[in-house]
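I set out to record what I looked up in this structure, entry by entry. The entries follow the order in which I consulted the model.

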Amino acid sequence: YQLIDIDTGGLAEVTVARASRAITLTEMSDRIAEALSRQFHLGEPHHIGLTFDRPLRTFQVEAEAAGELQVLALNYDPRTNRFDVTLDLPSSPLLHRQPPRFTGTAIETVDVIAVERPLERGAVLQAADLTTLRRPKAQGAGIADPAAAIGLAARHPLRPGQPLLATDLM
């Protein structure tokens, strides 16, 4: 703007605050998972693990922008698990004019049981010994219900982070 010799009084940065609505990472991820579940039958939305190519940040839109975030376009390749999605918020002129686009991978997951700490062979599993992990479905399922493991003994030493299989217990 050809402004020359302005005395800034030592200011190096100016921040402008205004009322706005935040579109959070959780809201964006939930909409994408719901769309993948509905259009590509990847299971329940809460069982879809999303990994984005770039870090996501919260979007700020107009304070009066109401309604749900919508998926404008969605492409998914089941061979590579890659997705490409464009989102929109019709009541926001800012987002409607330049809708954000995200790419990444989407993997269907399942809940499996694992031990919380190392257990020796013959140790009887208690509820406090178990934790739930979310694993890619393609890696195979383990025991999903903690009740199926409680009261059984370890057939061999068990390590944390590994899904329990029926063959691990006796």
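**Entry 1. The end of the helix.** I began at His41, which follows α1 and has a positive phi, near 55 degrees. The model I am reading is a predicted one.

**Entry 2. Helix α1.** I then went back over the helix itself. Helix α1 takes in residues 25-40, 16 residues in total. From its first C-alpha to its last I read a reach of 22 Å, which is close to the 22 Å expected at 1.5 Å a residue.

I next asked which residues of α1 are buried. They are Glu27, Met28, Ser29, Arg31, Ile32, Ala33, Ala35, Leu36 and Ser37. What covers these buried residues includes β1, β2 (48-52) and β3 (59-62), together with β4 (70-77), β5 (82-88) and β6 (101-115).

**Entry 3. Glu27.** Glu27 counts as buried because its relative accessibility is 16%, and the cut-off for buried is under 20%. Leaving aside neighbours within four places in sequence, I found Glu27 in contact with Arg21, Ala22 and Leu69.

**Entry 4. Arg21.** Is Arg21 buried or exposed? With a relative accessible area of 19%, Arg21 is buried; the value falls under the 20% cut-off.

I looked up two polar contacts of the Arg21 side chain. One is with the side chain of Glu27, at 3.2 Å. The other reaches the backbone oxygen of Gly67 at 3.0 Å. Not counting residues up to four places away in sequence, Arg21 touches Glu27, Phe59, Gln60, Val61, Glu62, Ala63, Ala65, Ala66, Gly67 and Leu89.

**Entry 5. Salt bridges.** How many salt bridges does the count give? The count comes to nine. Glu27 and Arg21 form one of these, with the closest N and O atoms 3.2 Å apart.

I then examined Arg101, which forms a salt bridge with Asp84, the closest N and O atoms being 2.5 Å apart. This pair links distant parts of the chain, with Arg101 in strand β6 and Asp84 in strand β5, 17 residues apart. I noted Arg101 as partly exposed, at a relative accessible area of 48%.

A further salt bridge joins Asp129 to Arg117, with the closest N and O atoms 2.8 Å apart. Asp129 and Arg117 each lie in the loop between β6 and β7 (130-136), so the pair ties together parts that are 12 residues apart in sequence. For Asp129 I recorded a relative accessible area of 7%, so this residue is buried. Arg117 is partly exposed, with a relative accessible area of 44%. I also noted a network in which salt bridges that share partners join Arg31, Glu34 and Glu68.

**Entry 6. A surface patch.** I closed with the surface. Leu11, Val14 and Val16 form a nonpolar patch there, and together they have about 360 Å² of accessible area. Leu11 is found in the segment before β1 (20-23). Leu11 counts as exposed because its relative accessibility is 57%, and the cut-off for exposed is over 50%.

Methods: Residues numbered from 1 in each chain as written. Predicted model: local features only at pLDDT ≥ 70, side-chain atom pairs only at ≥ 80, totals over all residues. Heavy atoms only, no water. Patch = residues over 30% accessible without salt bridge, like charges linked within 9 Å, V, L, I, M, F, W, Y side chains within 5 Å. Areas by Shrake-Rupley, 256 points an atom, 1.4 Å probe, with all protein chains shown as cover. Salt bridge = Lys/Arg side-chain N within 4 Å of Asp/Glu carboxyl O. Helix = DSSP H or I, 4+ residues; strand = E, 2+ residues; numbered from the N terminus. Buried < 20%, exposed > 50% of the residue type's maximum accessible area, 1.4 Å probe, protein only. Polar contact = N/O pair within 3.5 Å; in protein donor to acceptor, adjacent residues only side chain to side chain. Contact = heavy atoms within 4.5 Å. Expected span 1.5 Å × (residues − 1).
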